[in-house]
Amino acid sequence: MTTPLLLIRHAPTIWNGEKRLQGHTDIPISDLSKNWVKEWRLPEFTETFQWISSPLSRALETAEILSGKTPPTDKRLIEMSFGDWEGKVLPDLRERLGTEMQENEDRGLDFLPPNGESPRQVQNRINPLLQEIAKHDQATVCVTHLAMIRAIMALACDWPMLGKPPYKLNQAEAHLFELDHNGHPSIVEMNIKLHPGPNPNKEQGI
């Protein structure tokens with residue numbers, strides 16, 4: 001017996017356009033994103049799924065538009081904390097920190113921003129929720145964040161977060177997993193398009 005789990009990343013924010021690390025910083029989606037999400041279409045098989053969202057406004061706003069209601073939130077779905085680096089841009093950090101940054105990134109799952117979280121810690125945070133969803137055998141849509149989806153994908157693929165990722169994760173695409181009775185994820189289908197056209201935010205640098 002397996003339980004379907006559909007993961008959706010929140011719509012873009014202004015900080016996404018500026019390539020800033022958002023983490024736990026609560027940035028809303030842009031006005032353009034709000035209009036874009038109204039055009040997204042979920043797969044028909046999700047009609048009976050329950051909904052859960054990260055409590056951060058960018059995820060909850062996306063979930064409200066997609067589902068037509070305010071879903072329950074769960075803080076375990078929150079984005080990975082980037083600690084002291086929130087609001088910063090990765091190329092700037094790499095230039096400033098040099099070898100120190102490279103050595104940190106080479107730790108893969110144990111990459112750790114100062115006063116932040118590692119991807120492995122994110123996996124440990126989300127595992128109990130995955131187990132609960134599997135225990136209740138309730139097909140679920142989760143609206144969450146890029147680092148969270150990457151962490152779950154890494155669990156499913158046994159990817160140490162080193163080298164090229166198994167899949168590129170794009171905006172306006174959903175990712176279908178199935179959970180075994182222990183809550184361990186396996187990939188069913190990645191990059192299910194929710195919108196056929198280009199991201200209109202790119203024209204405004206978002």
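The side chains of glutamate 18 and arginine 20 form a salt bridge with an N to O distance of 2.8 Å. A salt bridge here is a side-chain nitrogen of Lys or Arg within 4 Å of a carboxyl oxygen of Asp or Glu. The model is predicted: local features need pLDDT of at least 70, side-chain atom pairs count only at pLDDT 80 or more, and totals for chains, interfaces and linings use all residues. Residues are numbered from 1 along each chain as its sequence is written, and side-chain values use heavy atoms, with hydrogens and water left out.

Glutamate 18 is partly exposed at a relative accessible area of 39%, and arginine 20 is partly exposed at 34%. Buried means under 20% relative accessible area, exposed over 50%, and partly exposed in between, with a 1.4 Å probe and protein chains only.

The count of salt bridges comes to 8. Another of them joins aspartate 74 and arginine 76, at 2.8 Å from N to O; aspartate 74 is buried, with a relative accessible area of 15%. Lysine 193 and glutamate 173 meet at 3.0 Å, N to O. Lysine 193 belongs to strand β5 (residues 185-193) and glutamate 173 to strand β4 (residues 173-179), so this pair ties together parts that are 20 residues apart in sequence. Helices (H or I, at least four residues) and strands (E, at least two) are DSSP runs, numbered from the N terminus. Lysine 193 is exposed at 59% relative accessibility, whereas glutamate 173 is buried at 6%. Salt bridges with shared partners also join Asp74, Arg76 and Glu132 into one network.

Next come the aromatic side chains. The structure holds 3 aromatic pairs, where rings of Phe, Tyr and Trp (its six-membered ring) pair if their centres lie within 6.5 Å; planes under 30 degrees apart count as stacked, over 60 as edge-to-face and the rest as tilted. The ring centres of tryptophan 36 and tryptophan 40 are 5.2 Å apart and the planes stand at 85°, so this pair is edge-to-face. Both tryptophan 36 and tryptophan 40 are buried. Tryptophan 85 and phenylalanine 111 form a tilted pair, 5.9 Å centre to centre with 40° between the planes. This pair links distant parts of the chain, 26 residues apart: tryptophan 85 is in the loop between α3 (57-67) and α4 (90-97), and phenylalanine 111 is in the loop between α5 (99-105) and α6 (119-136). Tryptophan 85 is buried at 7% relative accessible area, and phenylalanine 111 is buried at 11%.

Helix α6 bends by about 30° at isoleucine 126, and proline 128 follows within four residues. The bend at a residue is the angle between axes fitted to the seven residues ending there and the seven starting there. Buried residues of α6 include Pro119, Val122, Ile126 and Leu130. The buried residues of α6 pack against β1 (3-9), β2 (50-53), β3 (140-144), α7 (146-157), β4 and β5, with contact meaning heavy atoms within 4.5 Å. Just after α6, aspartate 137 takes a positive phi of about 50°.

In strand β3, 5 of its 5 residues are buried. Thr140, Cys142 and Thr144 point one way from β3, and Val141 and Val143 the other way. Strands β1 and β3 run parallel and are joined by 5 bridges, while β2 and β3 pair in the parallel sense over 4 bridges; two strands pair if DSSP finds at least two bridges between them. Valine 141 in β3 is the bridge partner of leucine 6 and also of tryptophan 51.
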